[in-house]
Amino acid sequence: MRTVKNSLKKLFGWIPAGIICLVIFFALFGYLASKMGTANMLNTIMNTSHDLLLNTVFYLMAICVITGAIGKIFVEFGVVNLLEKILRPLMKPVFNLPGVASLGAVLTFLSDNPAIISLAQDKRFATYFKKYQFISLTNFGTAFGMGLLVIVFMVGQGYFAEPFIGLLGAVAGCVISTRLMQRFTLKAYPRFKDEVAAEAEKTEIETEAHYTRPMFQRILDSLLDGGRTGVDVGLAIIPGVLIISTLVMLFTFGPSTSGEFTGAAYEGVQLLPWVGEKLGFIFEWLFGFTDPHLIAFPITALGAVGAALGLVPNFAAEGWIDGNAIAVFTAIGMCWSGYLSTHTAMLDTLGYRRLTSKAILAHTIGGFIAGIVAHWMFVLYTLI
């Protein structure tokens, strides 16, 4: 692998990065313009982004506000602490992590991937981990990121059992991703097996605050603070939904019903379905996908799960989605949850940026496992 990288560097290293950027930019949009026409392409980009902002982003933001408020209430009144105690016995045998790691799973499920980092920065928390376990928290936390949002969104689409089947698939993917990351880390740094992540006196981690304020005030403050956090999350997903979803849709959908490009929203060149047809037998066996357009969801979830969720209403309107797809989408959406855009920053914060490629590889495998498990569990569910 290193030899290949060195060869590519010698071959293309002399080319300025700006030129490479321009070549890719003009190749990408030149291809779209040659199929759609320049004016139609630009109008479709603007109209699609505008429609996504009004009909998808604000809907997702509303869900973020509600789930943020629920999550804050759970933290305020000890539900998170209770869940952590219930899940703690599963951590060592299932994930090879200390019991306190369950708190990270609950917090990221209620919020987003970076919640595990804010928790890991607490030295009292870090003292419970060996270094190889501590590093794998990036994969562990990411697999549960925005889980509540994903499940609530899927339930809002009219599916009930399928999102929870997807949740079980995401847990399976998390196990694979976390343990693979631990294996990769130990292979690269065997000494991390015995080194502790932080040197500090172990004290009981306080997860439930004690307040003397009136009950009504605590409820009101929790709802408003949680809702405000939801607004922040809703704003944070706007770039991903508008940029990534628009680009993916340009390569997913086709022209108007007349067969011509008009510049309307959600028109495109159908490149991803063409790829899906060529590789359809793989995705049908792995995930049970019955339509080639569905591969757009996993691809989008690599960068942003909010953007991937933005595809679902349009897929449903086209009649491409069934219960199996919802289960698989939930599993992959939760497990991957935009890890390509967060893993680097998360590992950099922990101080182990050099292991980013290993974390990404482990999580890529975990996401595929999550989708496969969700598919076959849905098949089993339909047989019961």
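Let me start with a term: buried means under 20% relative accessible area, exposed means over 50%, and partly exposed lies in between, with a 1.4 Å probe and protein chains only. By that scale, phenylalanine 368 is partly exposed, at a relative accessible area of 34%.

Now the ground rules. This is a predicted model, where local features need pLDDT of at least 70, side-chain atom pairs count only at pLDDT 80 or more, and totals for chains, interfaces and linings use all residues. Residues are numbered from 1 along each chain as its sequence is written, and side-chain values use heavy atoms, with hydrogens and water left out.

On to the rings. How many aromatic pairs does a search of the whole structure find? It finds 20. Rings of Phe, Tyr and Trp (its six-membered ring) pair if their centres lie within 6.5 Å; planes under 30 degrees apart are stacked, over 60 edge-to-face, and the rest tilted.

Take phenylalanine 297 and phenylalanine 329. They are stacked, 4.1 Å centre to centre, with 10° between the planes. Phenylalanine 297 sits in helix H16 (residues 296-301) and phenylalanine 329 in helix H19 (residues 323-336), 32 residues apart. Helices here are DSSP runs of H or I, at least four residues, numbered from the N terminus.

Next, tryptophan 336 and phenylalanine 368. Their planes stand at 85° and their centres are 5.5 Å apart, so this pair is edge-to-face. Tryptophan 336 is in helix H19 and phenylalanine 368 in helix H21 (residues 356-383), so the pair ties together parts 32 residues apart in sequence. Tryptophan 336 counts as buried because its relative accessibility is 4%.

Finally, the cluster. Phe297, Phe329, Trp336 and Phe368 are among the members of one aromatic cluster, which also includes Tyr339.

Definitions and conventions: Helices (H or I, at least four residues) and strands (E, at least two) are DSSP runs, numbered from the N terminus.
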